Amino acid sequence: MEIVVFDVGNASCNYICSPNKYAMMIDCGSSNEKQNPVDFINDCRNGTGDLFKAKPYVTSTGKSYPLALLHITHPDSDHVRNAERICKELEPYLLCHTYTEEFDDANTIDDTYKKKLDKVYRGDNSETIDWGFDVDTTFSIPIETVKSELTLKGKVRNNSSIIRYIKYEGVRFLFAGDLETAGWEWLSKKNKNFRDLMRQGIDVLIAPHHGHDSGFPKALFNLTGKVKVIILSKDTEASKEGSDVYSGYSNYANGVVYYNASDECTYFGKVLTTRSNGNIYVVIDSNGLYLAADKASSNHKRLQES
């Protein structure tokens, strides 16, 4: 299994090439200042190498889809603004999302996303995709609960985030959307399945709300204990004056060794960020977990040349 956490600025886009080589994308944010994830995926599709190269999902009727699933955690613009190119070049078979009319401010949601994805994918008896994962499951707080509970309703879209847990070859991932601190507390208290699963631990956490202080998941860490590595899409922990990135994420990670493609050396880090590391690449096979990045964080320890 291969995963890319894309550097798309202050946005979110994650790509998964499953063990059975079907493609899943979790959120479709993009940035005009960065490489578009669609270009990276197309390069992989057209290249000769196998890494990150998925096969299309072909239905029983013979229709082919480049993406087997597009998972939208919540419809903020920075999570859906690449909808136009996704629909044109990487049409998904399935869409995991919350219908936009469920939000009281639905009129402010990205029009392209609504027109080309949300309003088109309205259920059917879809075929079951054999991803090859050991575990693949989602969790979310019911939208009506989010809109009614005092601690949640101040951030309805964020707290409605659909988070995704994937396990393969013993390596456990959690893609956390923009769930706020209060949302983590609600799930930890009210959802037994979530609580029981998280107590088994997490290896890689794609941090909630890009690493913002408002999404710090202390209730999650109370269940999981330390994780191996945490990935943010903001600058490194409070490294810039005035940053609202939580400054203590590294206290909750044991750290990993990763390969830096720019100098061909290995580094040790507890928190990787797409702002400091560029695209972050994850490969899992029977031998374990491997990470690489476009570049190294300045505060990470250089170990040796590759």
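Tryptophan 131 is buried, at a relative accessible area of 9%, where buried means under 20%, exposed over 50% and partly exposed in between, with a 1.4 Å probe and protein chains only. Before I continue, a word on the source: this is a predicted model, in which local features need pLDDT of at least 70 and side-chain atom pairs count only at pLDDT 80 or more, while totals for chains, interfaces and linings use all residues. Residues are numbered from 1 along each chain as its sequence is written, and side-chain values use heavy atoms, with hydrogens and water left out.

I begin with the aromatic residues. Rings of Phe, Tyr and Trp (its six-membered ring) pair if their centres lie within 6.5 Å; planes under 30 degrees apart count as stacked, over 60 as edge-to-face and the rest as tilted. The whole structure contains 19 aromatic pairs on this basis. In one of them, tryptophan 131 and phenylalanine 133 have ring centres 5.8 Å apart and planes at 20°, so this pair is stacked. Phenylalanine 133 is buried as well, with a relative accessible area of 13%. Elsewhere, Phe216, Phe221, Tyr246, Tyr249 and Tyr252 make up one aromatic cluster.

Helices (H or I, at least four residues) and strands (E, at least two) are DSSP runs, numbered from the N terminus. Which residues cover the two faces of E12? Val229 and Ile231 lie on one side, Ile230 and Leu232 on the other, and all are buried. Two strands pair if DSSP finds at least two bridges between them. E12 pairs in the parallel sense with strand E11 (residues 204-206) over 3 bridges, and isoleucine 231 is the bridge partner of isoleucine 206. From E11 the chain passes through helix H9 (residues 218-224) to E12 in a right-handed β-α-β crossover; that is, with the strands pointing away from the viewer, the path from the first strand over the helix to the second runs clockwise. E12 also pairs in the parallel sense with strand E15 (residues 271-273), over 3 bridges, where threonine 273 is the bridge partner of leucine 232. Glycine 225, in the loop between H9 and E12, has its C-alpha atom 8.7 Å from that of alanine 253, 28 residues away along the chain.

Now the charged side chains. A salt bridge is a side-chain nitrogen of Lys or Arg within 4 Å of a carboxyl oxygen of Asp or Glu, and the count comes to 19. Lysine 63 bridges to glutamate 91, with the closest N and O atoms 3.8 Å apart. Lysine 63 lies in the loop between strands E4 and E5 and glutamate 91 in the loop between helix H3 and strand E7, so the pair ties together parts 28 residues apart in sequence. Aspartate 118 and arginine 122 meet at 2.9 Å, N to O. Aspartate 118 is buried at 0% relative accessibility, whereas arginine 122 is partly exposed at 30%. Through shared partners, salt bridges join Glu101, Asp118, Lys119 and Arg122 into one network.

Finally, the backbone. Most residues other than glycine have a negative phi. Aspartate 27, in strand E3 (residues 23-28), has a positive phi of about 70° and is buried at 1% relative accessibility. Glutamate 169, in the loop between strands E9 and E10, has a positive phi near 50° and is partly exposed at 38%.
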